[in-house]
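Reader: I have some questions about this one. Can we go through it piece by piece?
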Amino acid sequence: MGKTLGVSAIAISALGAMSSAEVIASGQASGDSHAPALIAFGPLNPFYKPSTLPFQAPMFDRIHDVDYQPAIEAGIAEQRREIDAIANSSEAPTFANTMEALERSGQLLRRVMLVFSAVTQANTNPLLQKVQEDEAAKLAAQNDYIFLNEKLFVRVEVLHAHREKLGLDAESMRLLEWNYAHFVLAGAKLDEADKTRMKKLNEEESVLSTAFTNKLLAAAKAAAFTTTDKTKLAGLSAAQVDAAALAAKDRGVPGYLLPLQNTTQQPDLAELSDRTARQQLFEASWSRTERDGENDTRATVARLAQVRAQKAQLLGYPNYASWTLQDQMAKTPEAALKFMDALVPASKAKAQGEAADIQAVIDKQGGGFNLQPWDWEFYSEQVRKEKYDLDLQELKPYFELNRVLQDGVFYAAHELYGISFTERHDIPVYQPDVRVFEVLDVDGKPLALMYFDYFKRDNKSGGAWMSNFVEQSKLLGTLPVIYNVGNFQKPAPGQPALISFEDVTTMFHEFGHGLHGMFANTIYPSLSGANTARDFVEFPSQFNEHWATYPQVFHHFARNYKTGEPMPEELFAKIKKAATFNKGYASVEALAAQELDMQWHLLPATAPLQDVDAFEKAALERTHVAMEEVPPRYRSSYFLHIWANGYAAGYYAYAWAEMLDDDAYQWFEDHGGLTRANGDRFRQMVLSRGNTEDLQTMYTRWLGAEPSVGPMLKVRGLTVNSATK
């Protein structure tokens, strides 16, 4: 889960260097399947001018695969002319002719890249992947054309040096200081020889990240678990078996197919009763990108880590983490490591206790084997039933996707913020399963347009994410157009889309990112919405998860899909009682991935290319998170967040933001819970502000205190040394 990381409006070309958080299947309007010669860009291209649809929504009824590349190339050329005009101006630099001009630049490129990055993650095909690969280096060079431009930086530097005399409002001052810092971090102060070296490294990193994304997508598809023996699927519901048969049919393979999700553990492991099948599914997931073929990512990963370390060295930093964390809330890798390391002992102790409980069940049943990773989900469900009398399968009939969306996600937002939602059937989409809603503000005025793309496809990246097709900006006169993407199992025709409680939480999470985007009320697109630090951007989304179990909201959507009856109170009580169940496992698998990410990005430039598997094993042991029964949530070789989605040295952000969001929810509980007054205050002081001020200051002003780790420990069922505070 995540937000596709926003970037500065003046650096929108960087979107081409990564396939964005947590955007890709075959449903493009044209159905183009092979790459033609690059066609001329002109008035017939749907990106030539801003869309005439409401909110400038993408004209997917007119967009063909062949339209993207010429629009990208034209956008690059147009922005270069704009940058040249700013940099070479004979006028003395002013905020208007330099900073505002930069914010206005690149609108064609922004227009096409926001759509292209979305589609290549959520609905890709070979042609779009080829365009990604063709344009990756050019887009990286475009980013350098801005941030390593000596004449342009001189103008920015002059303004920054005299910023206190410019009479700027607070948001304009933030824009100047933020962008000046990013010029410096990008290498604007390097000499020409080092700038040349940096450009080569940026180009290589962009190409490698694109290659990683495409290899991973192909590897995950190829590694899907298949069987012609229906008994191997024992434990799955009839609907799940039907979906597996449909998935196999769609792939043109006999029998049944279970596609992989992006994480190490797979949802079906909780229900498959055949231990051999569980092991095969787990091992397919574990080794998906390590099969020594063309989709093996290990060489790509090793070189990416090395390139990043070399970039950091050029800029005078000992490692990539030290360079990239400067504009985050944590500021330094030491602070992030201290935060993570302090959580490890209690998390690991809780996980070990959970493992002992599971082993006891295995022994009681005469299993005759030691607990393995592929057994955890299956037997932990039995422990859950025994301890809490809670069967997760018993919950699914109460979680029908559309009801969760409209009577849960939308309802909570209406109660908190007064907004309302109307489905639009006249807005074209990039794939038939996508739905579009117009969001109206409390006064009835249009606020945003929001797309929902929830079902899993082979040509969609794993996980769930949010981003924008159009960003809010008073300067540009644009309102937000936002999308949420998920990977829920699509039901067989005629059957309801029943989802797990984890999927329910995912819907609330991604919609929290959406609220951050739709409530944006800023002048500059660079500072709008979710264009914030990684360790803050997950705060609004994780905070919004809490409303999924808020009684008023829960009982509004948790209704039996057949009868419409609400979930019995005693069943809901079991969910609440079991809230800390398996939290040790969840904490350790996430911490393992977070620590692994940081260890990769603490490598110095002098380090040789790493043996990926050996490095991973040593890193997990060194950080004391290694547990045979609890694998990391992501292995190095399929860790999309850090190698392509902008979370390099930043995956700790989920835990950091959890501290913020649990503390925030405690504030809501202490002040009356789900009320319009609380929602409006949160909207005004946080969600609408984007990145217009220091994020720590923004948070503490709203909360009235420094953030505390206590509520997070309570939610996780942990007791941790106060050094984490």
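Reader: Where is Arg716 placed?
Author: This is a predicted model. In it, Arg716 sits in helix H26, which covers residues 710-716.

Reader: Is Arg716 buried or exposed?
Author: Arg716 counts as buried, because its relative accessibility is 7% and the cut-off for buried is under 20%.

Reader: Which residues does Arg716 touch?
Author: Leaving out residues up to four places away in sequence, Arg716 touches Leu343, Ser347, Lys350, Thr580, Lys583, Ser587, Ala655 and Glu658.

Reader: On to the nonpolar core. Which members of the largest one touch the most other members?
Author: Phe399 and Met518, out of 146 residues in that core.

Reader: And which helix gives the most to this core?
Author: Helix H12, residues 333-364, with 11 residues.

Reader: What is Met518 in contact with?
Author: Beyond its neighbours within four places in sequence, Met518 contacts Ile419, Val439, Leu447, Ala448, Met450, Pro480, Ile482 and Phe511.

Reader: What is the lining of the second largest cavity like by class?
Author: The lining has 7 nonpolar, 6 polar and 7 charged residues.

Reader: Change of topic. Where does Thr478 lie?
Author: Thr478 is in the loop between strand S7 (465-470) and strand S8 (481-488). Thr478 counts as buried, at 12% relative accessibility.

Reader: What does the side chain of Thr478 reach?
Author: The backbone oxygen of Glu471, at 2.6 Å. With neighbours within four places in sequence set aside, the contacts of Thr478 are Gln56, Val470, Glu471, Gln472 and Ser473.

Reader: Now the backbone. What is phi of Phe55 near?
Author: Phi of Phe55 is near 65°, which is positive in a residue other than glycine. Phe55 lies in the loop between strand S1 (2-3) and helix H1 (65-87). At 14% relative accessibility, Phe55 counts as buried.

Reader: And what is the phi of Asp389?
Author: About 55°, a positive value although Asp389 is not a glycine. Asp389 is in the loop between helix H13 (373-388) and helix H14 (392-395).

Reader: What does Ala87 touch?
Author: Not counting residues up to four places away in sequence, Ala87 touches Asn149, Lys151, Leu152 and Arg155.

Reader: Last one. Why is helix H17 largely enclosed by the rest of the structure?
Author: Because 11 of its 12 residues are buried; helix H17 runs over residues 534-545. Among the buried residues of H17 are Arg534, Asp535, Phe536, Glu538 and Phe543.

How values were computed
Residues numbered from 1 in each chain as written. Predicted model: local features only at pLDDT ≥ 70, side-chain atom pairs only at ≥ 80, totals over all residues. Heavy atoms only, no water. Nonpolar A, V, L, I, M, F, W, Y, C, P; charged D, E, K, R; others polar. Core = buried A, V, L, I, M, F, W, Y, C linked by side-chain atoms within 4.5 Å. Buried < 20%, exposed > 50% of the residue type's maximum accessible area, 1.4 Å probe, protein only. Helix = DSSP H or I, 4+ residues; strand = E, 2+ residues; numbered from the N terminus. Contact = heavy atoms within 4.5 Å. Polar contact = N/O pair within 3.5 Å; in protein donor to acceptor, adjacent residues only side chain to side chain.
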